[in-house]
Amino acid sequence: MPKLSVGSKLAKWRGVQRPILILGTLAIIVTFVTFSKFYSLGSLIVADSFCNQEHTNTKSMTRNQVRETIGIVVQKIQTEIDDIRNSQTTSPDSSLKFHSFLADILGLIESVQASLPEIEAISEQKIGINETHPLLKSNPQSDDPADFFLIEEIRKYVKMKPNRLGKQNFMGANGTFTSIGHACFAMKKELEEYMDYDIGEICNEDWKLAQKLMVHGCDPLPRRRCFSLAPKLYSKPFPINESIWKLPDDRNVRWSQYKCKNFACLASNSTGKGFFKCADCFNLSHHELPRWIKQENLNPNSNLSADFLAHQVLDIKPGEIRIGLDFSVGTGTFAARMRELNVTIVTATINFGAPFSEMIALRGLVPLYLTINQRLPFFDNTLDLIHTTRFLDGWIDFMLLDFVLYDWDRVLRPGGLLWIDSFFCSKEDLDDYLESFKMLRYKKHKWVVVPKLDKDDREVFFSAVLEKPPRPFR
(Lines give C-alpha, C1' and ligand atoms only; values in the text may rest on other atoms or scores of the structure.)
Protein backbone atom coordinates (compact mmCIF):
# COMPACT_ATOMS: atom_id res chain seq x y z
CA MET A 1 0.00 0.00 0.00
CA PRO A 2 1.54 3.38 -0.95
CA LYS A 3 2.37 5.78 1.81
CA LEU A 4 -0.18 8.59 2.25
CA SER A 5 1.02 12.14 1.95
CA VAL A 6 0.56 14.70 4.67
CA GLY A 7 -2.31 16.27 2.73
CA SER A 8 -4.12 12.92 2.47
CA LYS A 9 -3.77 12.30 6.18
CA LEU A 10 -5.12 15.77 6.91
CA ALA A 11 -8.11 15.11 4.65
CA LYS A 12 -8.93 11.80 6.39
CA TRP A 13 -8.29 13.09 9.87
CA ARG A 14 -11.78 13.93 11.14
CA GLY A 15 -11.79 12.86 14.77
CA VAL A 16 -8.60 14.44 16.00
CA GLN A 17 -8.71 16.22 19.29
CA ARG A 18 -8.69 20.01 18.94
CA PRO A 19 -5.49 20.70 20.94
CA ILE A 20 -3.49 18.28 18.79
CA LEU A 21 -4.86 19.84 15.57
CA ILE A 22 -4.00 23.34 16.76
CA LEU A 23 -0.50 22.27 17.79
CA GLY A 24 0.23 20.61 14.43
CA THR A 25 -1.12 23.50 12.41
CA LEU A 26 0.80 25.96 14.53
CA ALA A 27 4.00 23.98 13.96
CA ILE A 28 3.58 24.17 10.17
CA ILE A 29 2.81 27.90 10.21
CA VAL A 30 5.70 28.77 12.53
CA THR A 31 8.11 26.69 10.47
CA PHE A 32 7.29 28.12 7.07
CA VAL A 33 6.86 31.73 8.25
CA THR A 34 10.20 31.62 10.02
CA PHE A 35 11.87 29.91 7.08
CA SER A 36 10.48 32.41 4.56
CA LYS A 37 11.66 35.28 6.72
CA PHE A 38 15.22 34.19 6.13
CA TYR A 39 15.02 32.50 2.71
CA SER A 40 12.71 34.67 0.64
CA LEU A 41 12.48 34.34 -3.10
CA GLY A 42 14.61 37.48 -3.42
CA SER A 43 17.44 35.77 -1.58
CA LEU A 44 17.62 33.06 -4.22
CA ILE A 45 17.32 35.38 -7.23
CA VAL A 46 19.69 38.23 -6.54
CA ALA A 47 20.13 41.05 -9.04
CA ASP A 48 23.63 42.19 -9.77
CA SER A 49 23.23 45.36 -7.71
CA PHE A 50 24.57 46.80 -4.52
CA CYS A 51 21.03 47.35 -3.34
CA ASN A 52 21.08 43.74 -2.13
CA GLN A 53 23.87 44.41 0.35
CA GLU A 54 21.67 45.74 3.13
CA HIS A 55 19.14 42.94 2.57
CA THR A 56 21.93 40.36 2.81
CA ASN A 57 23.20 41.76 6.09
CA THR A 58 19.69 41.65 7.56
CA LYS A 59 19.29 37.98 6.64
CA SER A 60 22.67 37.07 8.04
CA MET A 61 21.70 38.58 11.38
CA THR A 62 18.63 36.27 11.66
CA ARG A 63 20.32 32.94 10.94
CA ASN A 64 20.80 32.02 14.58
CA GLN A 65 17.20 32.98 15.32
CA VAL A 66 15.98 30.68 12.53
CA ARG A 67 18.00 27.75 13.84
CA GLU A 68 16.77 28.31 17.42
CA THR A 69 13.12 28.58 16.34
CA ILE A 70 13.24 25.37 14.29
CA GLY A 71 14.95 23.62 17.19
CA ILE A 72 12.19 24.70 19.59
CA VAL A 73 9.47 23.47 17.19
CA VAL A 74 11.22 20.10 16.81
CA GLN A 75 11.53 19.74 20.58
CA LYS A 76 7.86 20.56 21.20
CA ILE A 77 6.62 18.11 18.57
CA GLN A 78 8.93 15.42 19.94
CA THR A 79 7.55 16.04 23.44
CA GLU A 80 3.98 15.79 22.15
CA ILE A 81 4.77 12.48 20.42
CA ASP A 82 6.21 11.11 23.65
CA ASP A 83 3.12 12.25 25.59
CA ILE A 84 0.80 10.53 23.09
CA ARG A 85 2.87 7.36 23.23
CA ASN A 86 2.64 7.29 27.05
CA SER A 87 -0.99 8.44 27.28
CA GLN A 88 -3.54 5.88 28.54
CA THR A 89 -6.67 8.00 27.86
CA THR A 90 -6.58 7.89 24.08
CA SER A 91 -7.69 4.89 22.08
CA PRO A 92 -4.89 2.90 20.42
CA ASP A 93 -6.23 3.64 16.93
CA SER A 94 -6.47 7.43 17.49
CA SER A 95 -3.09 7.49 19.23
CA LEU A 96 -1.50 5.77 16.25
CA LYS A 97 -3.02 8.35 13.88
CA PHE A 98 -1.86 11.28 16.05
CA HIS A 99 1.58 9.77 16.34
CA SER A 100 1.85 9.18 12.57
CA PHE A 101 0.64 12.69 11.76
CA LEU A 102 3.09 14.42 14.07
CA ALA A 103 5.89 12.11 12.98
CA ASP A 104 5.35 13.18 9.36
CA ILE A 105 5.50 16.87 10.36
CA LEU A 106 8.58 16.22 12.44
CA GLY A 107 10.24 14.50 9.51
CA LEU A 108 9.62 17.47 7.23
CA ILE A 109 10.98 19.97 9.75
CA GLU A 110 14.04 17.87 10.51
CA SER A 111 14.78 17.55 6.79
CA VAL A 112 14.64 21.35 6.50
CA GLN A 113 16.86 21.67 9.56
CA ALA A 114 19.39 19.25 8.07
CA SER A 115 19.47 21.09 4.73
CA LEU A 116 20.02 24.55 6.24
CA PRO A 117 23.83 24.53 5.81
CA GLU A 118 23.54 23.46 2.18
CA ILE A 119 20.89 26.11 1.40
CA GLU A 120 22.98 28.77 3.12
CA ALA A 121 26.01 27.79 1.07
CA ILE A 122 24.03 28.08 -2.18
CA SER A 123 22.57 31.43 -1.13
CA GLU A 124 25.99 32.79 -0.19
CA GLN A 125 27.40 31.56 -3.49
CA LYS A 126 24.71 33.49 -5.38
CA ILE A 127 25.29 36.76 -3.50
CA GLY A 128 28.91 36.29 -2.63
CA ILE A 129 30.13 38.81 -5.21
CA ASN A 130 28.12 41.61 -3.70
CA GLU A 131 29.06 40.61 -0.16
CA THR A 132 32.74 41.05 -0.94
CA HIS A 133 32.30 44.68 -2.01
CA PRO A 134 35.18 46.35 -0.15
CA LEU A 135 33.37 49.69 0.29
CA LEU A 136 30.02 48.57 1.69
CA LYS A 137 30.56 45.56 3.95
CA SER A 138 31.25 46.30 7.58
CA ASN A 139 33.16 43.11 8.33
CA PRO A 140 34.81 42.08 5.06
CA GLN A 141 35.80 38.49 4.45
CA SER A 142 38.20 39.57 1.68
CA ASP A 143 40.08 42.80 1.17
CA ASP A 144 41.11 41.91 -2.37
CA PRO A 145 39.20 43.92 -5.01
CA ALA A 146 40.08 41.19 -7.52
CA ASP A 147 37.48 38.94 -5.85
CA PHE A 148 34.74 41.29 -7.05
CA PHE A 149 35.41 41.14 -10.80
CA LEU A 150 35.10 38.31 -13.34
CA ILE A 151 37.18 39.63 -16.25
CA GLU A 152 40.69 38.29 -15.78
CA GLU A 153 42.44 41.46 -16.95
CA ILE A 154 40.81 43.50 -14.16
CA ARG A 155 41.69 40.86 -11.59
CA LYS A 156 45.32 40.89 -12.70
CA TYR A 157 45.47 44.68 -12.73
CA VAL A 158 44.10 45.36 -9.24
CA LYS A 159 46.16 42.68 -7.50
CA MET A 160 49.22 43.91 -5.62
CA LYS A 161 52.42 43.35 -7.62
CA PRO A 162 55.19 42.30 -5.19
CA ASN A 163 58.75 43.46 -5.78
CA ARG A 164 60.82 40.76 -7.46
CA LEU A 165 63.66 40.96 -4.93
CA GLY A 166 61.32 40.63 -1.97
CA LYS A 167 62.49 43.94 -0.48
CA GLN A 168 61.10 47.44 -0.23
CA ASN A 169 61.63 49.52 -3.35
CA PHE A 170 63.07 53.03 -3.40
CA MET A 171 59.57 54.39 -2.68
CA GLY A 172 59.39 52.44 0.59
CA ALA A 173 56.77 49.90 -0.56
CA ASN A 174 56.95 46.11 -0.74
CA GLY A 175 55.02 46.11 -3.99
CA THR A 176 53.02 48.19 -6.45
CA PHE A 177 49.37 48.82 -5.66
CA THR A 178 47.59 49.68 -8.90
CA SER A 179 44.37 51.55 -8.18
CA ILE A 180 40.95 52.19 -9.67
CA GLY A 181 38.21 54.64 -8.69
CA HIS A 182 35.75 53.50 -6.00
CA ALA A 183 32.76 53.95 -8.35
CA CYS A 184 34.25 51.26 -10.62
CA PHE A 185 32.62 48.72 -8.29
CA ALA A 186 29.20 50.27 -8.92
CA MET A 187 29.83 50.21 -12.70
CA LYS A 188 30.99 46.62 -12.87
CA LYS A 189 29.27 45.85 -16.17
CA GLU A 190 30.74 48.88 -17.97
CA LEU A 191 34.22 48.36 -16.53
CA GLU A 192 34.28 44.69 -17.51
CA GLU A 193 33.23 45.70 -21.03
CA TYR A 194 36.05 48.23 -21.10
CA MET A 195 38.60 45.63 -19.94
CA ASP A 196 37.40 42.88 -22.29
CA TYR A 197 40.02 42.91 -25.09
CA ASP A 198 42.75 40.81 -26.65
CA ILE A 199 46.16 41.40 -25.10
CA GLY A 200 48.65 42.84 -27.56
CA GLU A 201 45.97 43.67 -30.15
CA ILE A 202 44.29 46.94 -31.11
CA CYS A 203 41.92 48.28 -28.44
CA ASN A 204 38.24 48.74 -29.16
CA GLU A 205 37.14 52.25 -30.12
CA ASP A 206 35.64 52.80 -26.70
CA TRP A 207 37.01 56.13 -25.48
CA LYS A 208 33.44 57.34 -24.89
CA LEU A 209 32.85 54.36 -22.59
CA ALA A 210 36.09 55.22 -20.79
CA GLN A 211 35.01 58.85 -20.43
CA LYS A 212 31.60 57.78 -19.13
CA LEU A 213 33.32 55.69 -16.47
CA MET A 214 35.56 58.60 -15.50
CA VAL A 215 32.74 61.16 -15.30
CA HIS A 216 30.73 58.83 -13.07
CA GLY A 217 33.58 58.33 -10.62
CA CYS A 218 35.41 55.29 -12.02
CA ASP A 219 38.57 57.34 -12.05
CA PRO A 220 41.40 56.49 -12.28
CA LEU A 221 40.71 53.83 -14.86
CA PRO A 222 42.87 50.71 -14.98
CA ARG A 223 45.67 50.55 -17.51
CA ARG A 224 45.19 48.22 -20.48
CA ARG A 225 47.50 45.96 -22.47
CA CYS A 226 46.26 46.81 -25.95
CA PHE A 227 47.22 49.42 -28.54
CA SER A 228 45.03 52.51 -28.77
CA LEU A 229 43.44 53.39 -32.09
CA ALA A 230 45.10 56.20 -34.02
CA PRO A 231 43.99 58.19 -37.07
CA LYS A 232 44.57 56.23 -40.25
CA LEU A 233 46.45 59.02 -42.06
CA TYR A 234 48.15 61.05 -39.36
CA SER A 235 50.07 64.01 -40.74
CA LYS A 236 52.83 65.84 -38.94
CA PRO A 237 51.57 68.83 -36.90
CA PHE A 238 52.17 72.40 -37.93
CA PRO A 239 55.24 74.21 -36.57
CA ILE A 240 54.69 75.87 -33.21
CA ASN A 241 54.71 79.40 -34.65
CA GLU A 242 51.74 78.41 -36.87
CA SER A 243 49.84 75.85 -34.81
CA ILE A 244 48.68 78.10 -31.95
CA TRP A 245 46.26 80.17 -34.07
CA LYS A 246 45.55 77.79 -36.96
CA LEU A 247 42.95 75.01 -37.23
CA PRO A 248 44.71 71.61 -37.27
CA ASP A 249 44.67 69.07 -40.05
CA ASP A 250 41.40 67.09 -39.99
CA ARG A 251 43.29 63.83 -40.63
CA ASN A 252 44.82 63.95 -37.14
CA VAL A 253 41.56 63.19 -35.33
CA ARG A 254 39.29 60.14 -35.28
CA TRP A 255 35.84 61.66 -35.95
CA SER A 256 33.57 58.62 -35.74
CA GLN A 257 32.18 59.49 -32.27
CA TYR A 258 31.42 63.15 -33.03
CA LYS A 259 28.59 64.90 -34.86
CA CYS A 260 31.01 67.21 -36.65
CA LYS A 261 33.47 65.39 -38.89
CA ASN A 262 36.03 68.18 -39.34
CA PHE A 263 37.34 71.33 -37.64
CA ALA A 264 35.59 73.61 -40.12
CA CYS A 265 32.24 72.29 -38.87
CA LEU A 266 33.29 72.95 -35.27
CA ALA A 267 34.41 76.49 -36.09
CA SER A 268 31.24 77.38 -37.99
CA ASN A 269 28.24 79.23 -36.58
CA SER A 270 25.91 76.31 -37.23
CA THR A 271 23.96 74.65 -34.43
CA GLY A 272 23.84 70.98 -33.55
CA LYS A 273 27.59 70.55 -33.34
CA GLY A 274 27.32 68.07 -30.48
CA PHE A 275 28.25 70.40 -27.60
CA PHE A 276 27.03 73.67 -26.13
CA LYS A 277 29.75 74.82 -23.73
CA CYS A 278 32.09 77.29 -25.49
CA ALA A 279 30.18 76.95 -28.75
CA ASP A 280 32.56 79.35 -30.54
CA CYS A 281 35.87 78.26 -29.01
CA PHE A 282 36.98 76.44 -32.20
CA ASN A 283 36.67 79.71 -34.10
CA LEU A 284 40.27 80.78 -33.57
CA SER A 285 40.42 83.72 -35.95
CA HIS A 286 37.40 85.69 -34.70
CA HIS A 287 36.15 84.53 -31.32
CA GLU A 288 39.35 83.31 -29.67
CA LEU A 289 42.06 85.63 -31.00
CA PRO A 290 40.99 88.80 -29.05
CA ARG A 291 40.44 87.02 -25.72
CA TRP A 292 42.38 88.32 -22.69
CA ILE A 293 44.06 91.08 -24.73
CA LYS A 294 41.01 93.16 -25.68
CA GLN A 295 38.33 94.43 -23.29
CA GLU A 296 34.88 93.09 -24.23
CA ASN A 297 31.38 92.79 -22.79
CA LEU A 298 31.43 96.13 -20.95
CA ASN A 299 28.34 96.75 -18.88
CA PRO A 300 26.71 99.92 -20.28
CA ASN A 301 25.51 101.08 -16.86
CA SER A 302 28.59 100.50 -14.72
CA ASN A 303 31.25 100.47 -17.48
CA LEU A 304 32.59 97.31 -15.82
CA SER A 305 33.44 93.97 -17.38
CA ALA A 306 33.88 90.49 -15.92
CA ASP A 307 36.73 89.94 -18.40
CA PHE A 308 40.15 90.85 -17.01
CA LEU A 309 43.08 91.26 -19.37
CA ALA A 310 46.07 88.94 -19.12
CA HIS A 311 48.67 91.68 -18.61
CA GLN A 312 46.54 93.25 -15.85
CA VAL A 313 46.66 90.03 -13.87
CA LEU A 314 50.34 89.33 -14.49
CA ASP A 315 51.25 92.87 -13.44
CA ILE A 316 49.92 92.09 -9.96
CA LYS A 317 52.97 89.85 -9.39
CA PRO A 318 55.55 90.99 -11.99
CA GLY A 319 57.90 88.19 -13.02
CA GLU A 320 56.45 85.73 -10.45
CA ILE A 321 53.81 83.96 -12.52
CA ARG A 322 55.62 81.23 -14.49
CA ILE A 323 53.53 78.02 -14.38
CA GLY A 324 49.87 77.28 -13.81
CA LEU A 325 46.68 75.36 -14.54
CA ASP A 326 43.65 76.34 -16.61
CA PHE A 327 40.57 74.43 -15.43
CA SER A 328 38.02 75.50 -18.01
CA VAL A 329 35.98 74.37 -20.99
CA GLY A 330 37.87 75.39 -24.09
CA THR A 331 40.43 74.68 -26.77
CA GLY A 332 43.50 75.96 -24.95
CA THR A 333 43.31 79.62 -25.91
CA PHE A 334 44.13 80.79 -22.38
CA ALA A 335 47.28 78.64 -22.41
CA ALA A 336 48.14 79.97 -25.88
CA ARG A 337 47.75 83.58 -24.73
CA MET A 338 49.86 82.98 -21.61
CA ARG A 339 52.52 81.21 -23.69
CA GLU A 340 52.95 84.43 -25.63
CA LEU A 341 53.59 86.09 -22.25
CA ASN A 342 56.17 83.44 -21.24
CA VAL A 343 53.88 81.59 -18.82
CA THR A 344 53.46 77.81 -19.11
CA ILE A 345 49.89 76.64 -18.59
CA VAL A 346 48.55 73.08 -18.49
CA THR A 347 44.92 72.87 -19.65
CA ALA A 348 42.54 70.48 -17.90
CA THR A 349 39.89 69.28 -20.32
CA ILE A 350 37.58 66.47 -21.32
CA ASN A 351 36.01 65.59 -24.68
CA PHE A 352 32.36 66.55 -24.28
CA GLY A 353 31.01 66.31 -27.81
CA ALA A 354 34.15 67.55 -29.54
CA PRO A 355 37.88 66.67 -29.70
CA PHE A 356 39.02 69.26 -27.14
CA SER A 357 42.08 67.26 -26.03
CA GLU A 358 43.26 66.69 -29.58
CA MET A 359 42.69 70.34 -30.48
CA ILE A 360 44.78 71.60 -27.56
CA ALA A 361 47.61 69.18 -28.33
CA LEU A 362 47.63 69.99 -32.05
CA ARG A 363 47.96 73.68 -31.16
CA GLY A 364 51.24 72.78 -29.43
CA LEU A 365 49.86 73.03 -25.89
CA VAL A 366 49.53 70.50 -23.04
CA PRO A 367 46.08 68.93 -22.42
CA LEU A 368 45.43 67.26 -19.08
CA TYR A 369 42.59 64.75 -19.51
CA LEU A 370 40.90 65.27 -16.17
CA THR A 371 37.40 65.32 -14.65
CA ILE A 372 36.13 67.47 -11.81
CA ASN A 373 35.93 64.27 -9.71
CA GLN A 374 39.67 63.83 -9.39
CA ARG A 375 42.27 65.30 -7.05
CA LEU A 376 44.71 67.43 -9.00
CA PRO A 377 47.89 65.50 -9.90
CA PHE A 378 50.21 68.22 -8.58
CA PHE A 379 52.17 68.38 -5.35
CA ASP A 380 51.37 70.90 -2.61
CA ASN A 381 52.37 74.56 -3.03
CA THR A 382 53.79 74.22 -6.55
CA LEU A 383 51.69 76.31 -8.97
CA ASP A 384 51.84 80.07 -9.47
CA LEU A 385 48.41 80.43 -11.05
CA ILE A 386 45.06 78.63 -11.33
CA HIS A 387 42.56 80.02 -13.84
CA THR A 388 38.98 78.87 -14.44
CA THR A 389 36.25 80.18 -16.71
CA ARG A 390 32.76 79.04 -17.76
CA PHE A 391 33.13 75.72 -15.93
CA LEU A 392 32.47 76.00 -12.19
CA ASP A 393 29.19 77.83 -12.61
CA GLY A 394 25.78 77.82 -10.95
CA TRP A 395 25.30 74.08 -11.56
CA ILE A 396 27.92 73.04 -9.02
CA ASP A 397 26.99 71.73 -5.58
CA PHE A 398 28.25 73.89 -2.69
CA MET A 399 29.95 70.95 -0.97
CA LEU A 400 31.69 69.91 -4.18
CA LEU A 401 32.84 73.49 -4.73
CA ASP A 402 34.37 73.47 -1.24
CA PHE A 403 36.36 70.32 -1.99
CA VAL A 404 37.52 71.76 -5.34
CA LEU A 405 38.61 75.08 -3.87
CA TYR A 406 40.52 73.45 -1.02
CA ASP A 407 42.32 71.23 -3.53
CA TRP A 408 43.23 74.28 -5.60
CA ASP A 409 44.49 75.95 -2.45
CA ARG A 410 46.62 72.86 -1.80
CA VAL A 411 48.51 73.11 -5.10
CA LEU A 412 48.80 76.91 -5.20
CA ARG A 413 52.01 78.22 -3.64
CA PRO A 414 51.90 81.01 -1.06
CA GLY A 415 51.58 84.21 -3.07
CA GLY A 416 50.02 82.33 -6.00
CA LEU A 417 46.97 83.71 -7.79
CA LEU A 418 43.49 82.22 -8.17
CA TRP A 419 41.78 83.78 -11.19
CA ILE A 420 38.00 83.27 -11.17
CA ASP A 421 36.98 84.33 -14.67
CA SER A 422 33.28 85.01 -15.44
CA PHE A 423 31.72 82.62 -12.93
CA PHE A 424 27.96 82.94 -13.47
CA CYS A 425 24.96 81.95 -11.35
CA SER A 426 21.50 83.16 -10.44
CA LYS A 427 21.16 86.25 -8.28
CA GLU A 428 19.53 84.19 -5.56
CA ASP A 429 22.58 81.93 -5.25
CA LEU A 430 25.24 84.60 -5.57
CA ASP A 431 25.79 85.26 -1.85
CA ASP A 432 26.17 81.56 -1.09
CA TYR A 433 28.74 81.10 -3.83
CA LEU A 434 30.64 84.22 -2.80
CA GLU A 435 30.90 82.85 0.75
CA SER A 436 32.59 79.75 -0.66
CA PHE A 437 35.31 81.93 -2.20
CA LYS A 438 35.58 84.18 0.84
CA MET A 439 36.24 81.24 3.17
CA LEU A 440 39.69 80.88 1.52
CA ARG A 441 40.66 84.18 3.20
CA TYR A 442 42.65 85.20 0.14
CA LYS A 443 43.77 88.75 -0.53
CA LYS A 444 41.44 90.45 -3.03
CA HIS A 445 43.24 92.09 -5.95
CA LYS A 446 40.19 92.21 -8.22
CA TRP A 447 36.54 91.52 -7.37
CA VAL A 448 33.59 92.42 -9.59
CA VAL A 449 29.95 91.36 -10.03
CA VAL A 450 28.07 92.45 -13.18
CA PRO A 451 24.68 91.44 -14.68
CA LYS A 452 24.59 88.70 -17.28
CA LEU A 453 22.79 90.61 -20.03
CA ASP A 454 21.41 87.64 -21.99
CA LYS A 455 19.32 86.33 -19.05
CA ASP A 456 16.92 89.23 -18.39
CA ASP A 457 18.83 90.34 -15.31
CA ARG A 458 18.22 86.99 -13.56
CA GLU A 459 21.88 85.90 -13.61
CA VAL A 460 25.16 87.60 -12.84
CA PHE A 461 28.85 87.24 -13.66
CA PHE A 462 31.42 87.15 -10.88
CA SER A 463 35.15 87.57 -11.53
CA ALA A 464 38.04 87.89 -9.09
CA VAL A 465 41.80 87.64 -8.78
CA LEU A 466 42.77 86.37 -5.33
CA GLU A 467 46.17 85.82 -3.75
CA LYS A 468 46.91 82.88 -1.47
CA PRO A 469 48.34 84.17 1.81
CA PRO A 470 51.41 82.70 3.51
CA ARG A 471 50.43 80.39 6.33
CA PRO A 472 52.88 79.92 9.22
CA PHE A 473 54.26 76.45 9.85
CA ARG A 474 52.82 74.67 12.84
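Predicted model: local features only at pLDDT ≥ 70, side-chain atom pairs only at ≥ 80, totals over all residues.
Trainee: Ok. Where is valine 343?

Mentor: Valine 343 is in the loop between helix H14 (333–340) and strand S4 (344–349).

Trainee: Is valine 343 buried or exposed?

Mentor: Valine 343 counts as buried, because its relative accessibility is 4%. The classes are buried under 20% relative accessible area, exposed over 50%, and partly exposed in between (1.4 Å probe, protein chains only).

Trainee: Switching to cysteines. How many disulfides does a search of the whole structure find?

Mentor: It finds 4, a disulfide being a pair of cysteine sulfur atoms within 2.5 Å.

Trainee: What is the pairing in sequence order?

Mentor: With the bonded cysteines of the protein chain numbered in that order, the pairing is 1-3, 2-4, 5-6, 7-8.

Trainee: Which residue does cysteine 184 form a disulfide with?

Mentor: Cysteine 218, with the sulfur atoms 1.9 Å apart. The torsion about that S-S bond is about 95°, so the disulfide of cysteine 184 and cysteine 218 is right-handed. Cysteine 184 lies in the loop between strand S2 (175–176) and H8, and cysteine 218 in the loop between H9 and helix H10 (240–243), so the pair ties together parts that are 34 residues apart in sequence.

Trainee: Why does cysteine 184 count as buried?

Mentor: Because its relative accessibility is 0%. Cysteine 218 is also at 0% and counts as buried.

Trainee: Which cysteine does a disulfide join to cysteine 260?

Mentor: Cysteine 265, at 1.9 Å from S to S. This link of cysteine 260 and cysteine 265 has -55° about the S-S bond and is left-handed. Cysteine 260 is buried at 2% relative accessibility, whereas cysteine 265 is partly exposed at 25%.

Trainee: What about cysteine 278, which residue is it joined to?

Mentor: A disulfide joins cysteine 278 to cysteine 281, with 2.3 Å from S to S. Cysteine 278 counts as partly exposed at 22%, and cysteine 281 is buried at 1%.

Trainee: Where is aspartate 196 found?

Mentor: In the loop between helix H8 (188–194) and helix H9 (207–215). Aspartate 196 is partly exposed, because its relative accessibility is 48%.

Trainee: And which residues make a nonpolar surface patch?

Mentor: Ile202, Phe227 and Leu229 make one of about 290 Å²; accessible areas come from the Shrake-Rupley method with a 1.4 Å probe. Phenylalanine 227 is in the loop between H9 and H10, and at 52% relative accessible area it is exposed.

Trainee: Backbone now. Which residues does a cis peptide bond join?

Mentor: Aspartate 219 and proline 220, with omega about 15°. Proline 220 lies in the loop between H9 and H10.

Trainee: What is phi of arginine 390?

Mentor: Near 55°, a positive value in a residue other than glycine. Arginine 390 sits in the loop between strand S6 (383–389) and helix H16 (398–411) and is partly exposed at 33%.

Trainee: And what phi does arginine 441 have?

Mentor: Phi of arginine 441 is positive, about 60°, although the residue is not a glycine. Arginine 441 is in the loop between helix H17 (427–438) and strand S8 (443–451), and it counts as exposed at 70% relative accessibility.

Notes. Residues numbered from 1 in each chain as written. Heavy atoms only, no water. Helix = DSSP H or I, 4+ residues; strand = E, 2+ residues; numbered from the N terminus. Patch = residues over 30% accessible without salt bridge, like charges linked within 9 Å, V, L, I, M, F, W, Y side chains within 5 Å. Salt bridge = Lys/Arg side-chain N within 4 Å of Asp/Glu carboxyl O.
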